[in-house]
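Subject: Structure handover

Hi,

Here is the structure I promised to pass on to you. Have a look at it first, and my notes on what turned up follow below.

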Amino acid sequence: MKRATLRVLLVSLAGLLAAGCAAATAPTPAATPAPGAASPNDVAAAPTPAPTIESDDPVVVRIVELGRTDSRVNPLLREMTEKFGPRLTGSHALMEAERWARDQFEGFGLEARLERWGDVPVGFDRGPWWGRMVAPEPMDLDFITPAWSPGIVGPHRAAAIAYPTSVKAVAKLEDTLKGAWVLYTPAVKELDSSVKDKIDAALVDAQIAGTVRPDRDKSGKLVHTSGDFRIDWGAIPSLVDVRLRSDQHKEILSRIEAGESVELEFSIDNRFFRGPVPQHNVVADIVGSEFPDEYVIVGGHIDSWDGAQGVIDNGTGVATTLEAARLLMAAGARPRRTIRFMLWGGEEQGLWGSRSYVDANPDIMPRISAVLVHDGGTNFLSGLDVTPEMAEAAKEAFAPVFDLDEKKPFGLYFAKQLTPGGSDHSPFIAAGVPGFFWRQSGDANYGFTHHTQHDTLEHLRPDYQKHSAMVVALGAWGLANLDGQLDRTDSAPLGDRRSGVRMSGLTLTEVKEGSSAYHAGFRSGDTLARFEGKDIKSLMDLLPLIRAEREQFKMTVKRKGKLVELDIDYSKDPSAEKRKEREARRRARFGQLEYGEPFAGRAAGGGGLMNLLRGRGGSKAKANAKADDGEAKGQTPAPAGADK
Ligand SMILES: [Zn+2]
């Protein structure tokens, strides 16, 4: 449970943190400033004193000098997001951004190419969208429609009516339904899915304009983008699906229920285009001088959701990858092994770009020393979790990073195993490669921007970005120059305790039969009530459990309305034996290891765990969402071979 609890909590706590931030602003489409015009993001480009870093490596000194005085990381990010905007998989914007990124790498002097990873069946581009309540009172609406869902050539103004909860009720309303906006009510949730499907079909037959449902964010301030690309050109969805800020949905619904006649107006320019649409990873190399066939890979995904600009997720990771390449080239770096820069596509649909790369290149997996993935937003890169076997080498590789900036600490932490989940490092870990997701720290609230209308330039932290690009460049340089590859002995994840569990708040919404959590005693539908006799009011109350990583503990859950005391025992986990053996080997070799604090460098301020939660929670949440998608629908895009 410890690991399951930790990760599950990360997911939910990210949500809590997001909910805590209610400083809403209207969605801001990207303004296009005149070329060379100043923007708030240029603040970071102002000249800063550039104390040289103490190093006898001239490349390190030069990277830091350039990174501090002539960073291009923010201009690169701004250029990409303002020129192309969000970069949905299967959109024209992503195609253009991929070519632009390849050209940037080439401009820095790298060998760069696009490698085709597969296709999506139907392309999707999003044009402008807006909506408002017209009567009884004007109100601008904050909403999104899912990608790969239809829009409406508007403005289309019509009455809003409550969702009829039976096919009979639809028949009764027949005359009023045509062209109407149909608002979800809480009763929709109670409907059996087969019944709902029939009602939806009847609503389509009655030619309603579309449905309007509340966004899942209960704080009422966020609207989330999502969407399912698995559609056929011959069966394009026809029902307009408006996801409205939940506070606005609530207000409109209460007006309808009070008998007011409400009119809504929407204009939504969603465009499908016929596929298959070829998809690519951007790949660029600085070829190694001594071990050209060995690799250190740094990167992040270039695709994004399309409800905002895709700046934070994951323009930030694209920009640090590009800038790291530029810094290394400009510093005259000739690494011993090849540094490969990768910008993956299809990440938001389930890590398709990185998965396909791993599947298509089994022969090079043993020769990849490390994969470093930046996909946690704009907080600064503040550490890595490495296994004890690779610790000394990592310490040597990251030596210049520890003292790079006093206010932006960097630490290396012992991990019992590599940690997959949520981003492009995961397929590599599954193939036995040391894959890493950076720790990130700082005061940016990832959950507020993650897949929401707030993923815009205004929430970028240019100072953090400058720092992170240097960390990527120095880390890649250090790893590429080690005498050997990172030691991957005993790094593979053993029995992922997270798998099989999903949570919503304190309730386990799913515990798969046969999973570790199931063996331990949890069941789907349980709501956590007490831990070791103490009431659990929120997930925060479980922090001691996470800290202690306990194998056995007492947990009281509410199960079917009754309190049930469980003796949770994770030592029954089938992987427990292997875990013990691994720990014994480590104790013999390294003695007692401290897992909470960094063994090299410094922890970022504010407490390691909270930083972990703030910095990484969002990604975990995404991992979870992705798992939902992947398991609900089995279809996958067709992988393809390499293709320029
Ligand atoms: Zn991402």
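On the H3 side, Val73, Leu76, Leu77, Met80 and Thr81 meet Val311, Gly315, Thr316, Val318, Ala319, Thr320, Leu322 and Glu323 of H9. Contact here means that the C-beta atoms of two residues, placed from the backbone, lie within 7 Å. Sorted by class, the contact of H3 with H9 holds eight nonpolar, four polar and one charged residues. For these classes, Ala, Val, Leu, Ile, Met, Phe, Trp, Tyr, Cys and Pro count as nonpolar, Asp, Glu, Lys and Arg as charged, and the others, Gly among them, as polar.

Before I go on, please note that this is a predicted model: local features need pLDDT of at least 70, side-chain atom pairs count only at pLDDT 80 or more, and totals for chains, interfaces and linings use all residues. Residues are numbered from 1 along each chain as its sequence is written.

**Helices around H9**

Helices (H or I, at least four residues) and strands (E, at least two) are DSSP runs, numbered from the N terminus. Helix H3 covers residues 73-84 and helix H9 residues 311-330; they pack at an angle of about 130 degrees, with their axes 9 Å apart. The axes are lines fitted to C-alpha atoms, for helices over the stretch in contact, and angles run from 0 to 180 degrees between N-to-C directions. H3 and H9 are therefore oblique to each other. The cut-offs are under 35 degrees for roughly parallel, over 145 for roughly antiparallel, 65 to 115 for roughly perpendicular, and oblique for the rest. H3 passes H9 in a right-handed crossing. A crossing is right-handed if the near helix is turned clockwise from the far one by less than a right angle, and left-handed if anticlockwise.

Helix H4 (residues 92-108) also packs on H9, at an angle of about 15 degrees and with the axes 9 Å apart. That makes H4 roughly parallel to H9. The crossing of H4 past H9 is right-handed. Ala101, Gln104, Phe105 and Phe108 of H4 make the contact with Val318, Leu322, Ala325, Arg326 and Met329 of H9. Seven nonpolar, one polar and one charged residues make up the contact of H4 with H9.

How many of the residues of H9 are buried? The count is 18 of the 20, so H9 is largely enclosed by the rest of the structure. A residue is buried if 20 or more other C-beta atoms, placed from the backbone, lie within 10 Å of its own, exposed if 12 or fewer, and partly exposed in between. Just after H9, Gly332 has a positive phi of about 75 degrees.

**Strands**

Strands E20 (residues 552-559) and E21 (residues 562-569) run antiparallel and are joined by eight bridges. Two strands pair if DSSP finds at least two bridges between them. Lys558 stands opposite Leu563 of E21. The two strands form a hairpin with two residues between them, and Lys560 in the turn has a positive phi of about 50 degrees.

Elsewhere, four strands make an open sheet with mixed pairing, in the order E15-E12-E13-E22. Its edge strands are E15 (439-441) and E22 (600-601), each of which pairs on one side only. E12 (residues 380-386) pairs with E15 in the antiparallel sense over three bridges, and Phe380 has Ser441 in E15 as its bridge partner.

**Backbone details to check**

- The peptide bond from Ala135 to Pro136 is cis, with omega near 5 degrees; Pro136 is in the loop between strands E1 (111-135) and E2 (139-140).
- Gly275 and Pro276 are joined by a cis peptide bond with omega of about 0 degrees, and Pro276 is in strand E8 (residues 263-286).
- Trp148, in the loop between strands E3 (143-144) and E4 (152-162), has a positive phi near 60 degrees. Trp148 counts as buried, with 23 C-beta neighbours inside 10 Å.
- Gln207 is not a glycine, yet has a positive phi of about 60 degrees. Gln207 lies in the loop between helix H7 (193-205) and strand E6 (210-214) and is exposed, with 11 other C-beta atoms within 10 Å.

**The chain as a whole**

The chain has 19 helices and 22 strands. Of its 644 residues, 49% count as buried. Among contacts between residues at least 6 apart in sequence, 81% join residues at least 24 apart.

Happy to hear from you once you have had a look.

Best wishes
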